Amino acid sequence: MDIKQIRTLIAIAETGSATKAAELLHLVQPAVSRHIRMLEEECGALLFERERHGMVLTDAGRTLAEYGRRALRELDKARAEIGPAANAISGRLMIGLLASTSNLLATELVARVRAKHPAVTVGINVGYAGNVVQWLEAGEVELALLYDTRASNGLQVEALLDERLYVIGPPGEIDASKPFPLKQLRDRPMILPNAPHGLRSIIEHALAVAGISVDVVAETNALDLQKSLVNKGFGYSILPSSAILDELRDGTLSGAPVGTPDLSRRIVLARAATRRASPVSVAAAPELVGLMKEMVLSGAWPGAAWIGR
């Protein structure tokens with residue numbers, strides 16, 4: 001099993017065709033077929049099935065492709081560390097952002113990293129906290145934002161900020177000039193993130209402590225859909241301030257901070273404790289932290305309080 005064979009496997013998986021994979025890899029098709037045959041002989045299992053729409057990975061093929069992608073990522077990082085001069089940073093960095101913070105941070109983060117390190121390619125994976133933790137553990141991202149996560153054997157975390165949570169409703173429904181008491185949500189229709197989403201746990205805990213029951217009319221793992229349902233009048237929701245800045249500004253949603261009691265989440269910068277930090281991630285982390293601090297202190301991130309270094 002060698003790198004060329006793994007690249008061939010992944011190319012066929014992504015294109016669905018040995019012919020297209022051969023073109024992509026600049027190989028003749030018999031060489032592509034030989035690579036797959038040798039892999040199958042070594043693994044003792046079929047890696048592809050031929051279907052009407054092309055070649056599709058078997059269960060064994062999916063497993064090998066997943067591990068193969070990880071191996072290629074690690075080799076790419078090693079080449080990036082070995083290759084450049086001592087004062088140059090190059091390579092590819094994958095960062096995991098929470099869905100609620102991506103619109104606020106992603107564009108400016110890429111701009112800042114590229115301005116200081118033009119040879120760095122920045123990749124952004126966006127998801128909910130559970131997704132981001134899985135990406136960190138699998139090595140698919142090196143840096144990530146999570147919330148209310150404590151250090152463990154698998155993760156190193158650095159607390160950065162506390163962010164107020166807002167009750168949101170259709171346009172004109174909620175007075176933005178004062179906090180919205182949690183008790184006023186009693187028996188109201190609610191649109192919430194799917195369980196076991198971390199934000200869902202925060203909301204349910206706060207409601208339980210306050211002795212409040214609500215009518216959950218819809219659940220979704222899509223932030224845009226959650227906001228759209230609220231906009232169309234299906235119910236209310238609770239979201240962090242970073243997720244709704246544009247909508248509050250445009251008037252497509254109304255909202256106010258949760259009050260009595262105040263409700264917030266803590267955002268942390270997380271790294272995998274079991275992996276050596278690459279030079280690219282070491283260089284990019286201060287850019288991410290500095291951007292977040294600047295936004296909080298300048299008021300560009302309403303409802304957030306800086307607690308980091």
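A crossover counts as right-handed if, with the strands pointing away from you, the path from the first strand over the helix to the second runs clockwise. Keep that picture in mind for strand β3, helix α5 and strand β4, which make a right-handed β-α-β unit here. What you're looking at is a predicted model, where local features need pLDDT of at least 70, side-chain atom pairs count only at pLDDT 80 or more, and totals for chains, interfaces and linings use all residues. Residues are numbered from 1 along each chain as its sequence is written, and side-chain values use heavy atoms, with hydrogens and water left out.

Let's begin with β3, residues 91–98. Of the 8 residues in β3, 7 are buried, so the strand is largely enclosed by the rest of the structure. Buried here means under 20% relative accessible area, exposed means over 50%, and partly exposed is in between (1.4 Å probe, protein chains only).

Now for the partners of β3. Two strands pair if DSSP finds at least two bridges between them. β3 and β4 (residues 120–127) run parallel and are joined by 8 bridges, with leucine 97 standing opposite valine 126 in β4. β3 also runs parallel to β5 (residues 143–147), this time with 2 bridges, and there glycine 96 stands opposite alanine 144.

Next, go back to helices α1 (residues 3–15) and α2 (residues 18–25), whose axes come within 8 Å and cross at roughly 125°. That makes α1 oblique to α2; angles under 35 degrees count as roughly parallel, over 145 as roughly antiparallel, 65 to 115 as roughly perpendicular, and the rest as oblique. The axes are lines fitted to C-alpha atoms, for helices over the stretch in contact, and the angles run from 0 to 180 degrees between N-to-C directions. Contact means heavy atoms within 4.5 Å. On the α1 side, Arg7, Thr8, Ala11, Ile12 and Thr15 meet Ala18, Lys20, Ala21, Leu24 and Leu25 in α2.

Finally, have a look at two loop residues. Histidine 26 sits in the loop between α2 and α3 (29–43), and has a positive phi of about 60° although it is not a glycine. Its relative accessibility is 73%, so histidine 26 counts as exposed. Aspartate 187, in the loop between β7 (180–181) and β8 (189–193), has a positive phi of about 65°, and it isn't a glycine either. Aspartate 187 is exposed too, with a relative accessible area of 57%.

Conventions
Helix = DSSP H or I, 4+ residues; strand = E, 2+ residues; numbered from the N terminus.
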